[in-house]
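I open this notebook to record what I looked up in the structure. The sequence and the model are placed here first.

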Amino acid sequence: MALQTLIGKRIPVLDQGWVELQDLMGDDLAIVNAARVSFLGESRGEERDKRLLFYLMEHRHTSPFEQVEFKFRVRAPLVTWWQWVRHRTWSFNAQSGRYVPFDEDAFYIPAVWRKQSPSNKQASLGELTPEEGKPFTEALLQHYAQSYALYRRALEAGIAREQARLFLPGFAVYYTWVAKVDAHNLMHFLQLRMAEDAQFEIRVYAQAIYEHFFKPALPWTAEAFEQFVLKAGTR
Ligand SMILES: Cc1cc2nc3c(=O)[nH]c(=O)nc-3n(C[C@H](O)[C@H](O)[C@H](O)COP(=O)(O)OP(=O)(O)OC[C@H]3O[C@@H](n4cnc5c(N)ncnc54)[C@H](O)[C@@H]3O)c2cc1C
């Protein structure tokens with residue numbers, strides 16, 4: 001797929017979030033050519049190039065995959081960022097609540113309420129019915145409205161933005177970040193965050209990146225990643 005069609009493409013995620021590809025450096029062939037630099041070689045035709053890429057993935061010869069870089073702009077609630085920034089191999093720049101006041105509607109509202117898993121302390125299992133969930137959604141909206149009113153009141157009283165934001169519903173606030181990573185470390189992120197045990201609010205971002213950007217940008221790499229990493233279940 002032509003790179004031009006991917007750059008600038010924005011995929012909606014959650015109720016108000018999105019992922020946009022800002023920039024992309026490299027393709028499957030860049031990975032193959034990086035591996036071949038060992039003996040100063042270049043492409044040897046599609047079949048042999050693809051075979052080499054699969055060999056690299058299978059034998060965890062990882063550094064050629066670092067030659068491809070993805071840069072995203074992402075809008076996600078803090079509950080998502082809180083987990084995303086644990087991935088130290090990414091480079092981030094974030095919107096600052098010290099410079100830019102927050103919008104009234106920039107708070108995450110879940111489409112469904114999940115139940116606590118009885119066996120896994122970190123996980124959810126099953127959902128509340130819409131009738132069971134409705135009062136909680138209403139309470140959440142009320143909570144957001146009250147929080148935002150207090151935030152505005154603090155700003156109007158002259159309190160600094162950096163402190164007024166203490167009134168905001170922290171985990172629910174949407175932030176926009178720029179996030180850059182190479183293909184090797186992106187696969188590590190995708191493997192962990194597309195897994196069933198990853199929290200839904202980050203899993204949907206990982207899935208959006210994989211389906212809409214990673215697979216079209218690196219089709220051979222994605223095929224090999226599925227075969228040797230995702231399906232093999234290696235971590
Ligand atoms: C389902 C799930 C549940 C989690 N629960 C918790 C939790 O309860 N509490 C919690 O604190 N975290 C939790 N985490 C976060 C987890 O511990 C990792 O911090 C996060 O997944 C990032 O993984 P990473 O360190 O492998 O990735 P990256 O930071 O991107 O690093 C990639 C790889 O680089 C290497 N590396 C990077 N930095 C260093 C370093 N300084 N020293 C040595 N090697 C390095 C490691 O091999 C690492 O695997 C959870 C993650 C998942 C997926």
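Are α2 and α3 roughly parallel or roughly perpendicular to each other? I found that α2 and α3 are roughly perpendicular to each other, where angles under 35 degrees count as roughly parallel, over 145 as roughly antiparallel, 65 to 115 as roughly perpendicular and the rest as oblique.

**Basis of the entries.** I note that this is a predicted model, in which local features need pLDDT of at least 70, side-chain atom pairs count only at pLDDT 80 or more, and totals for chains, interfaces and linings use all residues. Residues are numbered from 1 along each chain as its sequence is written.

**Overall.** I recorded nine helices and seven strands for the chain; these are DSSP runs (helices H or I, at least four residues; strands E, at least two), numbered from the N terminus. The C-alpha trace spans about 65 × 45 × 30 Å along its principal axes. Of the 235 residues in the chain, 26% are buried. By the cut-offs used, a residue is buried if 20 or more other C-beta atoms lie within 10 Å of its own, exposed if 12 or fewer, and partly exposed in between, with C-beta atoms placed from the backbone. I also looked at contacts between residues at least 6 apart in sequence, and 70% of them join residues at least 24 apart; a contact requires C-beta atoms, placed from the backbone, within 7 Å.

**α2 and α3.** I read the axes of α2 (residues 28-36) and α3 as coming within 9 Å and crossing at roughly 75°. Axes are lines fitted to C-alpha atoms, for helices over the stretch in contact, and angles run from 0 to 180 degrees between N-to-C directions. On the α2 side I listed Asp28, Leu29, Ile31, Val32 and Ala35, which meet Asp49, Leu52, Leu53 and Leu56 in α3. By class, this contact has seven nonpolar, no polar and two charged residues. Here Ala, Val, Leu, Ile, Met, Phe, Trp, Tyr, Cys and Pro count as nonpolar, Asp, Glu, Lys and Arg as charged, and the others, Gly among them, as polar.

In α2 I found Asp28, Ile31, Val32 and Ala35 to be buried. They lie on the same side of α2 because they cover an arc of only 95° around the axis, the arc being that of the directions from the helix axis to the C-beta atoms. Their cover includes α3 and α9 (219-230). In α9 I listed Trp220, Thr221, Ala222, Ala224 and Phe225 as buried. The cover of these α9 residues includes α2, α3, α7 (183-193) and α8 (200-217).

**Positive phi.** Most residues other than glycine have a negative phi. I noted a phi near 55° for Leu14, which lies in the loop between β1 (10-13) and β2 (17-25). Leu14 is buried, with 21 other C-beta atoms within 10 Å. Arg60 has a positive phi of about 50° and is found in the loop between α3 (46-58) and β3 (69-77). Arg60 is exposed, with 11 other C-beta atoms within 10 Å.

**Ligand shell.** Which residues surround the ligand? I listed Arg86, His87, Arg88, Thr89, Gln122, Asn185, His188, Leu192, Asp197 and Ala198, each with its C-beta atom, placed from the backbone, within 6 Å. This shell divides into two nonpolar, five polar and three charged residues.

Note on methods:
Contact = placed C-beta atoms within 7 Å.
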